[in-house]
Amino acid sequence: MTGKRKAGVPARKKPAAGKPDQSPLKRRLKKTLKWTSISGLVLALVGAIAFVVLYRTIDVPDPNADFQTETTKVYYDDGKAELGSFATQNRNSISLDEMPDTIKDAVVAAENQSFWTDKGIDPKGILRAAFSNAKGNAQQGASTITQQYVKILYLSQERSYTRKVKEAIVSLKLQRQQSKEEILEGYLNTIYFGRGAYGIDAAAHAFFDKPAKKLKLRESAVLASVINNPTLFDPANGKANREALLERYHYVLGEMADMDTVPADQAARAEKRLPKFPKVKSESSYAGQRGHMLEMIKKELLRLDFTEQEINGGGLRVTTTLDQDAMKAAEEGVDEARPDGLKELHVASASVEPGTGALRSFYGGQDYLKSQINWAVSGGQPGSSFKPFALAAGIKAGFSLKDTFDGNSPFYFENGTKGPRNEGTGPDGEGNDYGSSVNLIKGTEESINTVYADLTDSIPDGPQRILDMANALGIPKAKKREGTMNNLRDSPGLEANSGIALGSATVSPINMANAYATIANGGEAAPVYVIEKVEDRDGTELYRHKVHTKRVLDEDIAADVSYAMQQVVTNGTGANAQALGRPAAGKTGTATNADDNVSSSWFVGYTPQMATAVMYVRGKGNESLEGYLEPFYGANYPTQTWTAIMSRLMDGKDVEYFPEPVYVDGEAPDDGHAPYVPPPPPPKKTTKPKPKPSKTKSEEPSETPSEKPTKTPGPPSETPTTEPSPTESCTILGGCDEDPPGQTKSAQPAARIE
């Protein structure tokens with residue numbers, strides 16, 4: 001190549017001496033940095049101007065004039081009839097001198113350790129709390145006492161950066177205008193402690209039934225602890241809450257010792273136990289079922305991220321799904337059917353609307369003022385009323401209603417392990433035998449445990465598939481938590497084990513009703529809910545529930561499951577529900593405790609318009625009903641109670657019918673379960689006919705009972721002419737015995753009716 005450049009190509013300029021050549025990328029980067037710096041400077045200037053303007057225009061609220069709590073009102077589903085309200089206790093302001101030093105020091109240690117030295121905002125505290133919370137330590141708030149005080153004064157549901165900025169500015173102004181003592185006094189007279197108590201004096205009465213001036217160290221540490229989360233740290237809400245409080249309580253006392261506001265040895269002694277909590281009389285406005293309703297609604301509002309402060313003093317307007325007439329029907333139905341004189345007996349019910357998941361009514365148990373346990377939420381072991389979920393899983397897996405399973409007792413799994421037995425004593429004391437080939441209609445109708453153990457064992461990965469089906473239909477998954485009685489979103493003990501179909505986990509009546517409502521709705525599930533909408537005091541809508549349905553079960557399978565449960569009512573253990581006088585489907589259930597005594601008794605059923613669950617338990621929920629509630633089977637009091645409630649709920653409503661069964665029949669995943677076919681009759685003897693004398697009417701051969709066709713619950717197209725007649729030991733329904741010829745079921749001991 002020559003040193004000459006090509007014609008038409010401009011010569012490349014050489015960089016000036018001492019200046020390195022810059023690439024286009026470097027030049028763009030330099031330009032970007034320049035304009036970024038200018039923009040940042042402009043934004044900082046604008047921010048400073050805005051801050052000055054806001055600082056001058058935003059006034060510090062007057063705690064006496066601007067702090068106004070307005071109780072939240074709760075309405076039935078029509079939005080007009082008032083169900084109740086979350087009443088707040090009177091806020092009794094007291095001077096800082098009347099407050100013991102222990103409560104002042106405990107609150108500062110718990111909420112804002114730099115309170116006496118900070119400027120109303122503590123950047124270091126924000127970072128410290130963030131790191132502590134990230135490490136999983138006891139939760140620490142990032143706001144100073146001054147900021148919290150300002151937030152209380154505004155008491156707004158607004159959740160925005162605008163409010164945060166406003167709070168920060170007012171906090172800075174407040175600490176300039178008031179002394180730290182004045183701020184702490186105002187804070188302790190307005191902060192929310194839970195139980196409807198605003199201010200330390202109301203809190204002292206609500207938790208310890210004494211005025212604030214008489215609070216001791218342990219009591220002060222408790223009240224300082226609950227400020228962080230009044231619901232979580234209230235020991236009245238259950239064992240788990242008490243344990244959470246204890247952890248927070250230890251944190252507060254430890255910080256007090258570190259700050260030298262209490263001697264270390266005194267703090268160590270106080271840490272050993274919580275103070276005693278006296279029983280504080282509840283407000284009469286919570287009497288009867290109203291207290292159970294309000295507590296359930298409050299917990300749901302908290303789940304929807306409304307705070308205790310907003311609920312108790314924010315003036316919300318809450319419309320629920322609860323129907324006033326339906327709530328009355330539940331209470332009247334329980335009162336009509338339950339036996340008298342059994343003080344430890346707890347009856348619960350729940351009614352859920354198919355297609356929406358709306359909880360229309362429930363009965364939580366005894367008067368709320370006597371016991372705060374809502375048994376419609378707490379629940380118990382549903383026993384055999386869990387079997388329809390296994391039936392749905394079995395048909396989905398490929399089995400048919402006509403397929404047969406082992407009805408003899410006890411059942412042995414393929415690995416030789418002894419499984420469940422049937423009710424009754426049976427000839428060998430191991431439960432009643434129903435034959436080796438019992439179809440799923442008969443197994444459901446008579447609630448045969450061994451049939452469902454065989455079904456569970458025959459479905460590939462059966463326990464897990466049944467669990468998945470139950471969850472899909474509306475039974476919540478089990479959560480890893482203990483000590484709580486709120487099982488509206490939990491099913492303690494629900495695991496994929498070989499006995500899952502027999503219902504040994506804890507399930508609430510509300511969730512059982514909702515799962516059955518899914519079947520009633522043709523397999524389309526809707527999450528259960530109790531709050532329709534929430535508005536603020538000005539009528540602005542803050543929340544509205546949207547119904548979302550999801551198909552979780554094929555419509556034909558739902559029809560078959562529904563058909564089997566109709567037979568429970570027409571021919572089986574739920575016969576008492578026939579008194580409803582309209583088509584109904586359902587399932588009885590009993591469950592046993594560790595001593596093998598019946599401890600819970602159920603009936604869950606539905607019409608096309610409503611699904612209702614009824615549960616009977618005793619004492620703490622696991623005590624024996626045998627010898628106490630007689631008869632104790634689901635076929636009796638629970639079914640009668642269900643009928644009494646549903647008769648009221650269905651009064652005046654059109655009679656609706658269920659779809660016909662489809663008899664879905666897939667490819668069975670396990671051999672040996674084909675529908676039972678009776679053996680052909682023996683051939684007749686071929687002898688030379690003899691002349692017969694003419695017959696008289698009295699000599700006409702009679703038809704023996706064993707030769708009569710057995711009536712089946714199948715569709716009209718299945719007439720006796722399409723199947724051979726049953727023998728003495730076998731029925732078309734599939735109850736095929738292995739008894740010697742001539743031995744009938746009447747020779748067996750009577751079964752325990754479930």
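## Cavities

A search of the whole structure, which is a predicted model, turns up three cavities of 30 Å³ or more. The largest cavity has a volume of about 50 Å³.

## Helix 8

Helix 8 spans residues 200–208, and eight of its nine residues are buried, so the helix is largely enclosed by the rest of the structure. The buried residues are Ile200, Asp201, Ala202, Ala203, Ala204, Ala206, Phe207 and Phe208.

What do these buried residues of helix 8 pack against? Their partners are helix 3 (101–111), helix 7 (180–190) and helix 9 (217–226). Just past the end of helix 8 comes Asp209, whose phi is positive, at about 55°.

## Confidence along the chain

The average pLDDT of the chain is 83, and 78% of the residues score at least 70. Residues 1–9 have a pLDDT below 50, and this stretch makes two contacts in the model beyond near neighbours in sequence.

Residues 692–753 also keep a pLDDT under 50. For residues 692–753, the model has 83 contacts beyond four places in sequence. A word of care here: where pLDDT is low, the predicted coordinates should not be read in detail.

Technical notes:
Residues are numbered from 1 along each chain as its sequence is written. This is a predicted model: local features need pLDDT of at least 70, side-chain atom pairs count only at pLDDT 80 or more; totals for chains, interfaces and linings use all residues. Side-chain values use heavy atoms; hydrogens and water are left out. On a 1 Å grid over the protein atoms alone, a cavity is a set of points where a 1.4 Å probe fits but cannot get out, and a pocket is an open set with protein on both sides within 12 Å along at least five of seven lines; lining residues have an atom within 4 Å of a point. Grid points are joined across faces, edges and corners, and a volume is the space filled by probe spheres set on the points. Buried means under 20% relative accessible area, exposed over 50%, partly exposed in between (1.4 Å probe, protein chains only). Helices (H or I, at least four residues) and strands (E, at least two) are DSSP runs, numbered from the N terminus. Contact means heavy atoms within 4.5 Å. pLDDT is the predictor's confidence in each residue, from 0 to 100.
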